[in-house]
2 protein chains.
Amino acid sequence: MAAHVLEHGLSGASLRPLAKAAGTSDRMLIYHFGNKEALIGELLTYLANAYSDALDEALPTGRADSRGDCLDAIAAATRAPQFAPYLALWWQIVAEASRGNAVYRDSARAIMRKLLGWVEDFMPLGETDRTGAAQQVLTLVEGAQMLDAVGCSDIADAALARAIAAG
Amino acid sequence: MAAHVLEHGLSGASLRPLAKAAGTSDRMLIYHFGNKEALIGELLTYLANAYSDALDEALPTGRADSRGDCLDAIAAATRAPQFAPYLALWWQIVAEASRGNAVYRDSARAIMRKLLGWVEDFMPLGETDRTGAAQQVLTLVEGAQMLDAVGCSDIADAALARAIAAG
DNA sequence: GCACGGTTGTAGCGATTGCTACAAGCCCTT
DNA sequence: AAGGGCTTGTAGCAATCGCTACAACCGTGC
């Protein structure tokens, strides 16, 4: 079912297709999860964990040599093509969160917090304000990813290159 | 109909509710626009123009005193609460674009290009690489807006403050 | 042997989806 | 007055939505 959501998105996540993907029936999904909302909730946390694990493998370990290196590495890792399905889902989550849906907003916020922690840990030791630098890197990377999503990777590339050169 | 989409989002933009909002019938919408896809397309361009006009009024005129001022002013203007409905719609457009929908991607790209032009025009004359600086500002502001959407405005604020102080 | 609770399949509910067939109105021209 | 094209209302199509009623299965404990 997670694979189905990654491929077809949240809007295609209706009970019968999900059940078919899971090799069961919509009847069973309701029986096990109670209702669709609970199902989607569990799917979301499962996918958040899967995304987190995948990022764990893709993100560099240790410390960056400089702020610029940190931004470069984080941007390269999170913009890797293997994460495209996750990002497609991510923007749907953001859209729901932006409409005030608390479940999605909390889920998205948790992911952002975790990602921020990662960037912070990867910041070079020489950095005085590690948290502040990480917040700036995260904001830039997320902006770049949005620009990727709408086909403006050129802007994202230029912005990142400039920031990397500066920091 | 535009007001209805701004309030209820694209997922609530089915023919009958839209027709009711317009004071007509679904039958008439199909008659005038041919099919739903064309309707949404026209609605999208209409809303893009409305958003553009609203930004035109909200964005400062003239030139910023510095890169930092430019970022500050653009961020303050685009994050104003009056644009919240547009942003909620924006993330749905981004989500569709990210899934490969060409109509939404092109529409979103056009808006980004226009916004980039604005930032460029507002860049101080002393700036040597006005385009590059504008790209970086745009990326930061869009990242901040995404963080706003998922309830992480604290990260966005800190990142912007840091970038403003630096530039 | 037999009842019992946990699990599953079948069928169907009412609502909503985009869209269409049909016919009745409308105004303009002849 | 009669016809013709543009517009519109009514009704309905097949498909899908989340969900449920009902009955049949299953292994376990008595």
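In this predicted model, A:Arg109 lies in helix α7 of chain A. A:Arg109 has 16 C-beta neighbours inside 10 Å and therefore counts as partly exposed, since a residue is classed as buried at 20 or more such neighbours and as exposed at 12 or fewer. Leaving aside residues up to four places away in sequence, A:Arg109 touches B:Val150, B:Gly151 and B:Cys152. A:Val94 is 15 residues from A:Arg109 in sequence, and the C-alpha atoms of the two are 9.6 Å apart.

The helix that carries A:Arg109 also takes part in the contact between the two protein chains: α7 (102-122) is among the elements of chain A that give two or more residues to the side touching chain B, together with α6 (84-98), α8 (130-149) and α9 (153-166). In total, 36 residues of chain A are in contact with 36 residues of chain B. The most is given by α8(A), which supplies 12 residues to the side of chain A that touches chain B. By class, this side of chain A is made up of 22 nonpolar, 9 polar and 5 charged residues.

Within chain A, α7(A) packs against α8(A) at an angle of about 120°, and the two axes are 8 Å apart. On the α7(A) side the contact involves A:Leu115, A:Leu116, A:Val119 and A:Glu120, which meet A:Arg130, A:Thr131, A:Ala134, A:Gln135, A:Val137 and A:Leu138 of α8(A). The residues of this contact divide into 6 nonpolar, 2 polar and 2 charged.

The crossing of α4(A) and α7(A) is right-handed. From α4(A), A:Gly41, A:Leu44, A:Ala48 and A:Ser52 meet A:Val103, A:Ser107, A:Ala110, A:Ile111 and A:Lys114 of α7(A). This contact of α4(A) with α7(A) comprises 5 nonpolar residues, 3 polar residues and 1 charged residue.

Chain A as a whole contains 9 helices and 0 strands, and its pattern along the sequence is α-α-α-α-α-α-α-α-α. The C-alpha trace of chain A spans about 55 × 30 × 30 Å along its principal axes. Chain A has 167 residues, of which 35% count as buried. Of the contacts in chain A between residues at least 6 apart in sequence, 55% join residues at least 24 apart.

Two or more residues of the surface near DNA strand C are given by each of α3 (26-33) of chain A and α2 (15-22) and α3 (26-33) of chain B. This surface near DNA strand C has 5 nonpolar, 4 polar and 5 charged residues.

DNA strand D is surrounded by 14 residues, and the closest are A:Ser14, A:Leu15, A:Asn35, A:Lys36 and B:Arg27. At least two residues each of the surface near DNA strand D are supplied by α2 (15-22) and α3 of chain A and by α3 of chain B. By class, the surface near DNA strand D consists of 5 nonpolar, 4 polar and 5 charged residues.

Helix α3 of chain A also holds A:Ile30. A:Ile30 is partly exposed, with 15 other C-beta atoms within 10 Å. The C-alpha atoms of A:Ile30 and A:Ala80 are 36 Å apart in space, and the two residues are 50 residues apart in sequence.

Technical notes. Residues are numbered from 1 along each chain as its sequence is written. Chains are lettered from A and ligands numbered from 1 in the order in which they are written. This is a predicted model: local features need pLDDT of at least 70, side-chain atom pairs count only at pLDDT 80 or more; totals for chains, interfaces and linings use all residues. Helices (H or I, at least four residues) and strands (E, at least two) are DSSP runs, numbered from the N terminus. Ala, Val, Leu, Ile, Met, Phe, Trp, Tyr, Cys and Pro count as nonpolar, Asp, Glu, Lys and Arg as charged, and the others, Gly among them, as polar. Two residues are in contact if their C-beta atoms, placed from the backbone, lie within 7 Å. A crossing is left-handed if the near helix is turned anticlockwise from the far one by less than a right angle, and right-handed if clockwise. A residue is near a molecule or strand if its C-beta atom, placed from the backbone, lies within 6 Å of it. Axes are lines fitted to C-alpha atoms, for helices over the stretch in contact, and angles run from 0 to 180 degrees between N-to-C directions.
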